[in-house]
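User: Could you take a close look at one helix in this model for me, and then show me how the rest of the chain is laid out around it?

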Amino acid sequence: MSDQKPILALRGVNKSFGPIDVLHDINLEVRAGEVLCLLGDNGAGKSTLIKIMSGVHQPTSGTIEMDGQATGLPTPRAASEKGIATVHQFGGTFPLMSIGRSFFVGVEPTKGWGPFKVYDRKRANEIAVKAVQNFGITRIDDGDRLVGGLSGGERQSLAIARAVHFGARVLILDEPTAALGVKQAAHVLRIVNEAKRRGLAVIFITHQVMHAMAVGDHFAVLIRGAVAADFKKGQKTREEITDLMAGGETMANLEASIDGYMASHDGHPPAPVH
Amino acid sequence: MAETSIKVGPARSRGLSVPGFFRRPEAGAAAGFLLILIFFSYFGWDKQFVTALGSSTWLNFASKVGIIAIPIGFLMIAGELDISIGALIPAGGIVLAMSVETFGLNFWLGAAISLGVAAAIGYINGLLVTRTNVPSLIVTLATLFVVAGLNAYVSKHLAGTTQHSLQDVGAVSEFLMGDYHTLILGAEATGFVVFQSLQSSFFIWIVFAAVCYFVLHVSPWGNWIFAMGGDQQSARNAGIPTARLKISLFMLSAMAAALVGMTEATLANSASTTTQFGMIFNAIICVVVGGVLLTGGFGSVLGVVFGTLTFGIVFQGINFTTFDKDLNLLFIGALLLFAVLMNETFRRMATNWSSTKKS
């Protein structure tokens, strides 16, 4: 798999907003059929990195490569035309629109001619429902249903199905499981696996190590704007990753101090501080 | 929230099913209209509310608000508001009157100039809103006063008065823009009265509503308007030209207001620069009673039409009843409050209807 060229690669990307450096020398690559998990605590620079990859921000220096060729992503539109689709936490869908309509926003299927082009509701609904069902969400069977009536996981699935349907090659998922319950999150993770099986390159942003380990092939941990660790599946344990994300020693120290307290207090944990 | 999968049959809702009905934005407005119609038909029976002439009273009133309410509804669905219409109604009338009377132009040329002026003002509204991100309420509040001021200033300088006459516009223009129409099947005295003394603006309203229905619900552009109001960022990412679309909507509402001003001027044979502040509220009430969500993303043309009809009945119908006429505004206020609460409930039912059988 690794002899294959990466679809999307960042080479030495730096980003600063005025005097503040947000990202330092980021090197990342993601291949087809591979899930890259970007891990990091809040404020580690994950969102800025996503915005660079989806064309919202431009890197201050460094290059973005697609299929081995240096390229620019001047606008979100340009990024999506190159096949990079970003799905945000809440799915980026329209709660009060029907599934069919929201699936085809901007590219509505029409019938008729000239100024009398008519939105083809039946076809839109059919295609949308089929696309979602192909991802295993069989409970969506009516394209007239409002998106707001779907669960968080279903909305994510709809958004991912939409991106895949419109030819995305790189799927950037921004904390897709953050707001979801356990079962719903499992749902989304299955969809991520399905996207991977179909040969998409997935960049999965999360701070939930469990979710990352369930689907990831390749992991990158961001700390204060730099890639602190870059490793393959199975090279690190969950505890090691959590430690890394929390800034290395912090978690271990906390654990040690609690253990120390308990040892000297007949096994009682510290009283909660109010 | 996330229970395990329970086997549930496919949830179909096509045609006239109950959830399908509640999911329609005009459901509440239609139900409200029927209730109000029955109420006033009963209490206004003795004073001829349910006759062709009685209906014309509120239909004529409703038609003028209605022509403006639909584009305001579009804007509200897209998440914006336009209150400058209060000054654009007189602007439409006086530009037409001055073109014809002061400059001796042809009526239709004057009408085109009037629409052109309105379009330009709408364009400025749209440009200011999309470029500056200042809320459209404030932007159009400003243009409301700017245009109101210009109306008086330009009138006095060009024509020397703020009251313009508009005489002898020609039979065809009078017929199409500002006349009373009656259709009686059979003999004049004994035949069946289909409608009586309906103003031209009523027919313009119906045609306009049909065109707007096509645009919002049948053509693909409607989807863009809903998407823009639902989530502007996502809409832009999906490739919708949000700025251009928004500017077009502001131009549409301004031109609709000017059109109403022209029909009024043609009907009354005169135009005045008086700003119609009341129409701003009337139009907004019609839109909200029609089930359009103030926060955007939800609504329908049919709903706004029902809302306007309801508003027209409540506003004019009190004259047909034995109730004190001073209660008129109280009725309107209660209606608005009731409609907003109903809308909220209906919308919740529309979105939550499916969650009862969520996995």
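Analyst: Happy to. One term first: a residue counts as buried here if 20 or more other C-beta atoms lie within 10 Å of its own. Please keep in mind that this is a predicted model.

Let's take helix α4 of chain A, which covers residues 121–134. This helix has 14 residues and reaches 20 Å from its first C-alpha to its last, close to the 20 Å expected at 1.5 Å a residue. Which residues of α4(A) are buried? They are Arg121(A), Ala124(A), Asn125(A), Ala128(A), Val129(A), Ala131(A) and Val132(A). Seen down the axis of α4(A), these buried residues fall within an arc of 160 degrees, so they line one face of the helix. The spacing makes sense in general terms: an α-helix has 3.6 residues a turn, so residues three or four places apart point the same way.

What covers that buried face? The cover of the buried residues of α4(A) includes α3 (99–103), β8 (118–119) and α5 (152–165) of chain A. Just after α4(A), Gly136(A) takes a positive phi of about 90 degrees.

Now for the strands, starting with β6 (residues 84–87) of chain A. Ile84(A) and Thr86(A) point one way from this strand, while Ala85(A) and Val87(A) point the other way, and all are buried. β6(A) pairs with strand β9 (residues 170–174) of chain A in the parallel sense, over four bridges. Within β9(A), Val170(A) is the residue that stands opposite Ile84(A).

Elsewhere, chain A has an open sheet of four strands in the order β2-β1-β4-β5, with antiparallel pairing. Its edge strands are β2 (20–30) and β5 (69–71) of chain A, each pairing on one side only. From one strand to the next, the twist averages 30 degrees.

Stepping back to the whole chain, the secondary structure of chain A comes to nine helices and twelve strands. The C-alpha trace spans about 80 × 45 × 40 Å along its principal axes. Of the 274 residues of chain A, 47% count as buried. Among contacts between residues at least 6 apart in sequence, 67% join residues at least 24 apart.

How values were computed
Residues are numbered from 1 along each chain as its sequence is written. Chains are lettered from A and ligands numbered from 1 in the order in which they are written. This is a predicted model: local features need pLDDT of at least 70, side-chain atom pairs count only at pLDDT 80 or more; totals for chains, interfaces and linings use all residues. Helices (H or I, at least four residues) and strands (E, at least two) are DSSP runs, numbered from the N terminus. The expected span of a helix is 1.5 Å times one less than its number of residues. A residue is buried if 20 or more other C-beta atoms lie within 10 Å of its own, exposed if 12 or fewer, and partly exposed in between; C-beta atoms are placed from the backbone. The arc is that of the directions from the helix axis to the C-beta atoms. Two residues are in contact if their C-beta atoms, placed from the backbone, lie within 7 Å. Two strands pair if DSSP finds at least two bridges between them. Axes are lines fitted to C-alpha atoms, for helices over the stretch in contact, and angles run from 0 to 180 degrees between N-to-C directions.
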